[in-house]
Amino acid sequence: MEGRELMDTTKATVNKARTGKRAVTQGIRTVTHKYQEQEEGTYRIHSGTRPRLSLQMEVPRDQMSLLIDNGLFDSAELLGCFLMSSTTSNTDMAPSARAENMVLFGDALYGKKEYRRALNVYRQAYQHNKLIPKQGTIASKNALPTGNRTLLTSPVHISPFNENEVKFKIGLCLMALHDIRTAITEMEGIPSKARTLRINLTMGKLYRMTSYKSAACISFKDCLRQCPYALEAIAALADMGVPLKEIQSLLPQAQSKSGRAPSDLEPVRWVQRYAEAQCAAASQDYKGVLEHFGCLSQRFPNNLHIMIETAKAEAAIGKIDEALLNFEKVRALDQYNITGMDEYAMLLQTRTDLSELNRLLNDLLTTDPSRPEVWVVSAIYWDKRDDKSRALTDAERSLRVDDRHIPGYIVKGNLLLSLNRAEAAVMAFRRAQQLRPDLRSYQGLVRGNLAISKPKEALLAAREALKALPHSAKALTLVGDVYANNPEARDKARKFYESALRMEPGYLGAALALADLRAAEGRNAEAIELLETYLKDWADDSLHTKLAQIYVATDKLDEALSHYSEALRINPNNEAAKKGLERLERQMKGGDPDLVEEEEENEEEDAEGDPEEAEY
């Protein structure tokens with residue numbers, strides 16, 4: 001009897017367990033079936049029960065994500081309108097689903113560049129997310145126990161809301177709306193450990209915009225810790241004066257053999273070499289720049305970036321012909337490249353006619369008129385055509401596109417000087433200097449301050465240039481220019497010019513300045529002797545022009561005519577030689593050399609310029 005009762009009890013327990021197992025299995029099948037229907041786009045009504053609206057919009061939400069991933073933002077916004085409608089009308093929808101829908105809609109608006117609307121939607125999503133209870137609470141309320149697992153009975157899959165990602169998106173919107181400081185504040189709310197490579201790089205750029213150097217360095221260093229090949233971060237750190245060893249410690253290390261220096265053939269050595277080149281550029285050691293980029297070009301021939309940086313360094317040390325050749329190679333390699341083309345135009349302005357500048361400008365305008373380089377080139381073009389007002393308008397337009405574009409400030413400053421607006425020019429050059437010290441900005445500051453009779457400020461700028469470039473003949477010449485402006489300090493000017501020529505005998509700027517100084521002191525014979533000595537080694541149009549001007553001052557008109565003609569043979573676009581020759585011809589005909597008349601040649605030049613303007 002006892003054995004039978006025990007057997008019955010055992011059978012009942014087994015049957016109960018089997019019943020429970022079937023119930024759980026049925027529950028699993030029911031949920032699985034609902035997910036399958038959801039993926040197929042079929043939503044059946046079970047037992048007369050109306051499906052939840054949040055479940056109905058799950059597929060459109062997935063489809064909207066697909067549209068955004070494919071860059072179809074217009075279509076995504078249209079679908080998002082329906083998604084947002086269901087979000088606002090369904091009071092039963094979970095806060096997490098509302099927040100996710102809003103983020104998707106914000107992504108579509110951001111893709112359409114409707115930054116103000118996207119910002120508003122992202123902020124609403126962030127506020128909705130604060131209403132979401134902890135995930136553990138939701139799971140405990142909507143779960144079926146299945147042994148050691150927990151199965152959610154909710155038919156909608158809820159992905160976790162990424163607060164840091166939304167904060168970053170809010171920051172991007174603020175950045176696009178030029179509210180930089182608020183963007184920084186928003187992104188600073190992201191914990192440092194949660195910042196991705198993109199977040200760190202963006203924050204580094206924002207910090208640089210607001211001159212927050214130490215924070216920018218931290219962000220860019222974090223970029224290199226996450227990705228040592230982030231070359232943009234290497235260049236930024238070098239530009240901010242971070243020591244080379246400190247940058248290289250964050251880069252892949254080449255293993256030296258037998259205590260020797262790593263070879264350039266090492267797989268990772270080129271990244272170290274790139275850092276060396278950028279640090280050399282930041283310290284304005286242009287010979288070092290050429291050396292490092294020269295090594296890199298051997299390993300990476302026809303590298304567009306290397307060719308542009310090499311050309312800029314060559315232009316900085318006066319190797320104009322070499323720089324022009326490299327820029328021409330860049331154009332031949334990629335005619336749609338815009339980077340560095342404003343620097344190329346600055347060189348073309350003094351060496352070629354309008355047709356080449358006009359061709360370059362047309363190519364850039366058809367490629368991407370939203371780039372600041374395009375409008376700097378346009379400013380140079382109109383300056384070459386002597387339309388200073390239009391040139392200044394385009395220079396300012398380039399700075400509206402990018403208020404940190406240094407060539408825009410350089411060109412603007414030079415235009416303002418030519419329009420006798422020296423005070424405004426000084427402001428433009430000072431802004432360029434704040435962004436990145438450059439010899440051109442120092443030269444502009446010296447010229448501008450001398451024009452408004454501020455010799456102390458001019459001397460300060462010249463000495464700052466010499467401090468930044470202690471081994472530069474151009475910096476020494478700049479200090480000499482300030483002293484030469486004061487008749488009582490010409491002896492000091494002479495010493496600086498002579499020091500510049502001893503440091504770099506081939507620097508013609510110092511030779512021309514010294515010749516000017518000797519002529520101003522009435523020592524014309526010595527000035528002529530100096531210039532003729534340099535002409536033996538350098539067939540340069542500026543030397544012939546200066547020599548012609550001194551010959552005119554000493555009433556040696558035939559010699560002056562010969563040198564003006566030679567200058568124009570070398571460079572037909574030498575404006576000083578053109579004007580000097582016209583003045584000399586009037587003088588040799590017995591007329592007033594300073595009389596300005598409307599000549600037929602000028603009218604013909606204007607007529608020739610009309611087709612170019614129409615083409616532009």
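## Asp 541 in helix H30

Asp 541 lies in helix H30 (residues 541-553); helices (H or I, at least four residues) and strands (E, at least two) are DSSP runs numbered from the N terminus. The model is a predicted one, in which local features need pLDDT of at least 70 and side-chain atom pairs count only at pLDDT 80 or more, while totals for chains, interfaces and linings use all residues. Residues are numbered from 1 along each chain as its sequence is written, and side-chain values use heavy atoms, with hydrogens and water left out.

Asp 541 counts as buried because its relative accessibility is 11% (buried means under 20% relative accessible area, exposed over 50%, partly exposed in between; 1.4 Å probe, protein chains only). Leaving aside residues up to four places away in sequence, Asp 541 touches Ala 567, Ile 570, Asn 571 and Asn 574 (contact means heavy atoms within 4.5 Å).

## Packing of H3 and H5

The axes of helix H3 (residues 58-69) and helix H5 (residues 95-111) come within 10 Å and cross at roughly 30°. Axes are lines fitted to C-alpha atoms, for helices over the stretch in contact, and angles run from 0 to 180 degrees between N-to-C directions. To this contact H3 contributes Arg 61, Met 64, Ser 65 and Ile 68, and H5 contributes Ala 97, Glu 100, Asn 101, Leu 104, Phe 105, Asp 107 and Ala 108.

## The chain as a whole

The chain contains 33 helices and two strands. Of its 616 residues, 43% count as buried. Residues 24 or more positions apart account for 50% of the chain's contacts with a separation of 6 or more.
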